[in-house]
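Here is my note on the model you sent. The points run from confidence through the chains to one residue.

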Amino acid sequence: MIDSTYILLIPLLPFLSFLLIGLLGRTYFPKQCSIIGTLSLFASFVISLVVAYQYFFQIGQVNGIYQKITAFKMVWLQFSPNISIDMGILLDPISVMMLLVVTFISFMIHVYSMGYMHGDPRISVFYSFLSLFTFSMLGLVISTNIFQIYIFWELVGISSFLLIGYYYEKPSAVAASKKAFIVTRFADLGFLVGILILSFQSETLDFQTLIERLTTDTEYLNSATTASFFGFSALTWGLTLVFAGGAGKSAMLPFHIWLPDAMEGPTPVSALIHAATMVVAGVYLVARLFPVFSISAPEALNIVAYVGAFSSLFAAIIACTQTDIKRVLAYSTMSQIGFMMFALGVSGYGGEEGLGYTASMFHLFTHAMFKALLFLCAGAVIHYVHSNEMNDMGGLRKLMPVTHITFLIACLAITGIPPFSGFFSKEEILLAAYHSNKLIFAMGILTAALTAFYMFRLYFTIFWSKPFKSHQAETAHHGEAPGTMLLPLIILAFFAAITGLIRFGKYVSSDGAALISELHVDFSIAPVLIALLGIGIAYYLYKKENDTPQKLATGLSGFYKAAYGKFYIDELYLFITKGIVFNLVGRPIAWFDKNIVDGGINLSASTVGYISETIKKFQSGKVQDYAIYFFAATIGFVLLFIYLWS
Amino acid sequence: MGIEFFILMKSEWALMLIIFILLIIKVNGTYQDNAKLLLFTNILLALNFMLGFVSNQSGMLFNSMFHTNSLIAFEKNILNFATLIISLQAYTWLKNHKHMLEYYMLLLTTLLGMFFMISSGNFLMFYLGLELSAIPLAALVNFDLDKLKSSEAAMKMVLLSAFASGIMLFGISMIYGTTGSLNFAELPALITGSHLQILTLIFIFTGFAFKLSVVPFHLWTADVYEGAPVSITAYLSVVSKAAIVFVLISTLSPLFAGLTTVWYNILFISIILTIIVGNLFAIRQQNIKRFLAFSSIAQVGFILLAISAGTALSNTAAIFFLIVYTLSNLGVFGVIALVSDETGKENIDDYKGFYKTNPALGWVIALSLFSLAGIPPTAGFFGKMFLITAGASKGSYILVGIAALNMVVSLYYYLKIVKTVFIDPNEEPIVPIKTNMYLKLSLGVCMIGIVITGFTSGLYDYIYLLFRL
């Protein structure tokens with residue numbers, strides 16, 4: 001058993017820094033806010049490293065199997081003798097890995113933001129929000145209780161909302177933050193209903209008890225799988241709804257529409273929340289409940305697989321046509337999360353079968369490094385160019401050599417070129433898919449090719465293509481970004497290059513036992529060749545400024561336009577809400593309310609007035625009249641019941 | 001006899017004792033200070049209320065003329081409670097009144113009559129109790145001797161009450177004629193459903209209906225409520241009605257089981273008329289006491305709805321609602337009594353802008369009216385809900401539908417008053433009124449009661465338990 005007190009510090013430090021900066025920072029020490037936030041995160045990161053070391057190498061393993069350890073737990077709200085909401089810390093391979101990822105990336109972002117947000121008057125607000133987000137995200141990953149995860153889930157949603165809308169004077173940022181919040185709230189509704197179903201069936205909210213009850217042959221499992229609703233068991237419904245919540249946060253179809261708009265937030269925020277940490281919460285949630293998905297409800301897992309694969313391909317196609325650099329990266333994020341999802345979806349439980357699970361977590365890990373790096377590089381470029389549009393850039397490789405190299409490393413990593421990190425995780429995912437579902441494998445390969453294409457399209461357009469010409473940028477800065485921004489780039493690039501060499505399966509696997517995955521060279525050849533092909537096409541089209549891409553786009557005009565318009569999903573939602581809900585449902589109801597209901601009420605009011613005016617005459621005030629009415633009523637009853645009714 | 005004689009009749013003995021103590025004080029004529037005596041009397045009433053909780057036994061006395069059990073003891077204690085609250089609220093009115101002691105003697109005598117009525121095991125005893133409660137009440141209605149309206153109200157009440165009693169007595173004599181018994185224990189087997197017995201049922205019911213102000217026997221209500229002192233109006237609308245409801249519960253369905261269809265149909269018609277007419281009249285009233293008279297007529301219609309189902313559960317709903325009704329109605333009456341005593345204003349329009357000058361009292365009115373209107377989460381909501389559920393259990397969906405519709409209507413007029421109190425502007429609002437300790441205590445008890453009975457189910461469970469004993 002680990003002494004739990006210092007593990008508590010991991011989430012509490014950012015929380016304290018949030019309180020400190022949020023309450024006092026703005027008035028008392030606006031200049032020092034960034035340093036306080038960064039230092040607290042650094043401390044959290046160091047403690048996470050210690051915890052990870054202890055867990056993986058000292059206490060986590062019993063008989064070769066990594067245990068789930070409840071390091072800390074307190075009952076927060078007791079519903080009934082069986083069901084309670086707890087707050088606690090659960091240590092297992094994925095939560096410890098997430099602790100590392102979240103604190104590390106968050107720390108990098110904190111450092112980077114010192115340069116990127118320099119001179120912003122509201123920097124204390126920015127850092128307090130960042131701290132709040134980090135606290136919520138850490139609370140989420142260490143949850144012992146499904147309701148605890150839900151609480152932090154919503155907190156994460158709120159901090160994301162706050163950060164997307166950070167530039168609140170920009171209407172588009174405000175709209176984007178609202179959109180993100182509302183869309184994910186819809187998905188969270190599903191999550192909540194799912195939690196209720198699961199807890200109703202298993203009579204617990206605790207993860208470990210819940211997983212145990214719903215995976216072993218118990219009465220709970222029996223009743224959950226036999227109770228059927230529209231052809232699916234209650235368990236499948238519950239898990240699917242929980243997945244819906246995950247799909248909302250992770251921007252899977254059909255809830256993905258908020259993610260590209262969320263790029264209105266400051267770029268470090270995009271890197272932290274909308275690339276590396278929060279958006280993978282959905283994947284993490286499915287992984288957390290993976291035994292239940294895999295053992296008891298394979299239908300629900302199938303849904304996960306297909307949603308993931310389809311989202312992945314869909315986003316990759318859109319990414320090929322976008323011209324806003326951050327939007328390309330946003331769609332690329334969605335596509336990579338799709339990879340993680342379908343890897344979970346095709347995975348089995350335990351042993352070799354569980355390769356997909358390991359691969360998914362591995363990809364989550366490597367993706368966090370290279371995607372954060374990509375965003376930070378993009379941030380550096382945007383910082384220099386003062387534009388998000390790819391067409392405004394070009395030929396930056398001489399002006400920004402460090403950014404250029406780190407960006408290239410990240411591109412190679414995401415594309416899956418050995419020996420960069422993405423290669424190893426992606427290869428495992430594709431291998432898992434190949435053994436389990438050929439259709440999904442095919443979609444994965446196609447997505448991988450598209451990924452290579454759009455990433456290098458981005459790379460070549462930014463750093464090669466036409467020579468850079470600008471009127472104002474060169475007067476403002478000369479070349480490279482400040483050191484606080486470059487340092488995280490270099491560190492992240494280092495990790496993006498080497499993290500693939502970790503024997504990930506040894507530490508993280510579906511059942512806790514070490515999974516030794518061999519590198520299948522013969523299998524890897526095809527994906528790598530396909531990725532190289534994608535790069536080659538991008539090189540041909542975008543290395544030098546030419547009009548081939550334009551011709552190509554014209555040739556494919558219908559499809560290109562559809563993809564450029566993101567397949568009009570936004571417009572579809574808009575049509576449903578405005579066209580159908582407002583016009584076809586809302587307007588008629590409003591009319592009905594105005595004319596029929598109000599009219600009816602007015603009519604009944606005047607009728608009531610008329611009747612009461614008439615019967616008022618009975619109330620004459622004369623006692624002899626009252627006696628007469630009294631007597632008449634008695635006689636009336638007598639007549640009615642003795643002569644008429646019987 | 002022996003000790004049992006005192007224990008079984010302890011409520012009655014206690015009341016009589018208080019009446020005699022007050023009588024002796026009056027006859028001695030030595031007291032100087034109303035305020036001290038009021039404190040003393042209220043303490044006596046509070047002790048009387050507490051006594052109602054101890055040593056409640058079941059048993060019969062006087063050849064089954066008088067019977068009691070824990071349910072009856074509970075019912076009597078509800079009346080004790082309501083009387084105590086009314087007495088507390090009458091402080092402002094009585095502190096300078098020269099007939100203060102007579103007020104209490106008459107009031108407690110009517111209460112004694114009601115106790116005998118509730119405990120009766122025989123129609124003779126019942127009739128005696130009824131008359132004992134009716135005649136002093138008429139005197140109370142005329143308590144403000146200098147007010148012409150009060151005298152008129154008392155006159156109407158005495159005459160019509162005599163009229164109703166006459167018809168009821170006629171019905172009782174026919175019961176004896178057809179069955180040869182007046183004993184509640186023997187009657188159920190003897191009432192088989194001849195036409196003459198239907199006639200007796202109707203005659204007896206009209207007597208009850210008069211007391212309960214069931215339409216079309218309600219015409220006296222508004223005039224008397226308006227004419228009587230506010231304290232007595234509150235007593236009429238709460239205590240007097242509750243007593244009759246208790247009797248109705250213990251006689252209608254047990255005694256006339258052989259005539260279930262008939263009394264159900266009578267109730268059916270009465271309920272519809274009562275709820276609708278009560279509401280329609282309530283809407284148009286200008287005087288706040290008349291308004292409460294009619295709205296309480298409508299509330300009685302809801303209580304009858306539960307009684308019509310005739311099961312233990314529905315009777316529980318009726319009694320639970322009566323408690324809620326007592327708390328809510330007395331909340332409003334407490335404020336009205338104070339305003340009437342201090343300023344003499346009794347019109348609804350006078351209450352415009354009342355909240356600005358008397359915020360606390362404004363809230364009391366609002367909460368009480370919310371409860372009367374049945375707005376969640378006040379107790380009134382649950383009371384109405386139980387009543388409607390009880391009515392629905394009988395399967396009488398027409399009744400339930402009409403009742404539900406009328407709940408909406410009542411919502412309108414109750415909230416209209418809340419709007420008057422809170423929103424409407426007024427050039428000359430009622431001046432800020434200083435409340436006294438007694439009133440604060442009584443209103444506090446009512447408000448806490450409204451909130452607590454709304455949030456806990458203990459009371460309801462307890463009443464249900466009493467019914468199943």
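1. Helices and strands here are DSSP runs, of at least four residues (H or I) for a helix and at least two (E) for a strand, numbered from the N terminus. On that basis chain B holds 21 helices and 2 strands.

2. The model is predicted. Its scores are ipTM 0.79 and pTM 0.58. For chain B the mean pLDDT is 86, and 99% of the residues reach at least 70.

3. Chain B has 469 residues, of which 57% count as buried. Take its contacts with a separation of 6 or more: 80% of them join residues 24 or more positions apart.

4. Next, the interface. On chain B, 24 residues are in contact with 19 residues of chain A. Four helices of chain B each give at least two residues to this side: α8 (148–179), α10 (195–212), α11 (219–227) and α13 (260–284). The largest share, 8 residues, is from α13(B). By class, the side of chain B that touches chain A counts 18 nonpolar, 3 polar and 3 charged residues.

5. Helix α5 of chain A covers residues 146–164. From first C-alpha to last, its 19 residues reach 27 Å, close to the 27 Å expected at 1.5 Å a residue. α5(A) is mostly covered, with 15 of its 19 residues buried.

6. Now the cores. In soluble globular proteins, nonpolar side chains tend to be buried together. The largest nonpolar core in this model has 208 residues. Those with the most contacts inside it are A:Val304, A:Ala372, A:Leu373, A:Ala410 and A:Ala496. Helix α16 (residues 355–385) of chain A brings the largest share of this core, 21 residues. Another core lies apart from it, with 177 residues, including B:Ile175, B:Leu212, B:Leu338 and B:Phe386.

7. What does A:Ala496 touch, not counting residues up to four places away in sequence? Its partners are A:Met369, A:Phe370, A:Leu373, A:Ile409, A:Ala410, A:Ala413, A:Phe420 and A:Ser421.

8. Is A:Cys377 buried or exposed? A:Cys377 sits in helix α16 of chain A. A:Cys377 counts as buried because it has 33 C-beta neighbours inside 10 Å, and the cut-off for buried is 20 or more.

9. Leaving aside neighbours within four places in sequence, A:Cys377 is in contact with A:Thr403, A:Thr406, A:Phe407, A:Ala410 and A:Leu489. A:Leu486 is 109 residues from A:Cys377 along the chain, yet 8.8 Å separates their C-alpha atoms.

Methods:
Residues are numbered from 1 along each chain as its sequence is written. Chains are lettered from A and ligands numbered from 1 in the order in which they are written. Two residues are in contact if their C-beta atoms, placed from the backbone, lie within 7 Å. Ala, Val, Leu, Ile, Met, Phe, Trp, Tyr, Cys and Pro count as nonpolar, Asp, Glu, Lys and Arg as charged, and the others, Gly among them, as polar. The expected span of a helix is 1.5 Å times one less than its number of residues. A residue is buried if 20 or more other C-beta atoms lie within 10 Å of its own, exposed if 12 or fewer, and partly exposed in between; C-beta atoms are placed from the backbone. A nonpolar core is a set of buried Ala, Val, Leu, Ile, Met, Phe, Trp, Tyr and Cys residues joined through C-beta atoms within 7 Å. pLDDT is the predictor's confidence in each residue, from 0 to 100.
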